[in-house]
Amino acid sequence: MSPNQFGEFIANKRKEKEISLRGMAELLDLSPAYWSDIEKGRRNPPNLIILQQLANILGLSNGELDEMVDMASDDRDEIPMDLPQYIKESDLARTALRKARKKSESDGSESTTKAWEDFIKALDEEQ
């Protein structure tokens with residue numbers, strides 16, 4: 001992934017919606033200079049609250065919101081910022097992640113990739 005992928009993503013989405021940089025800053029109650037620095041990668045992406053406001057302004061789908069959060073977290077060199085609280089609160093999530101990590105370390109990532117794909121498919125079928 002390229003550095004500042006978040007800034008490039010947001011700038012493209014903003015332009016698609018024909019929102020000026022200054023207009024976006026006003027909608028988010030931020031200064032235009034601050035927002036410009038974020039889009040150009042001179043500052044870290046904003047926190048999750050602002051990302052959710054941004055998703056609403058840009059009309060992003062849930063998948064696009066997840067993609068944006070992943071890019072912002074990657075640019076910040078953090079675990080995706082929508083997950084730490086869930087992981088902290090769920091014993092099962094921590095157990096599953098540790099088992100997957102250990103299995104991947106011992107058997108390679110192919111076996112865990114298939115297991116995760118099956119898990120996601122099962123969750124999707126419940127919806």
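I counted eight helices and zero strands in the protein, with helices (H or I, at least four residues) and strands (E, at least two) taken as DSSP runs numbered from the N terminus. The model is predicted, so I noted the ground rules: local features need pLDDT of at least 70, side-chain atom pairs count only at pLDDT 80 or more, and totals for chains, interfaces and linings use all residues. Residues are numbered from 1 along each chain as its sequence is written, and side-chain values use heavy atoms, leaving out hydrogens and water.

Confidence next. Mean pLDDT (the predictor's confidence in each residue, from 0 to 100) is 93, and 98% of the residues reach 70 or more. Helix α2 (residues 21-27) has the highest mean, 97, and α8 the lowest, 91.

Then I checked overall dimensions. The C-alpha trace spans about 50 × 30 × 25 Å along its principal axes.

Finally, the largest pocket. I used a 1 Å grid over the protein atoms alone, where a pocket is an open set of points that a 1.4 Å probe fits, with protein on both sides within 12 Å along at least five of seven lines; lining residues have an atom within 4 Å of a point. The largest pocket holds about 450 Å³ of space, a volume being the space filled by probe spheres set on points joined across faces, edges and corners. Its lining includes D82, Y86, W116 and F119. Two or more lining residues come from each of α6 (84-89), α7 (91-107) and α8 (109-126), and α7 gives the largest share, four residues.
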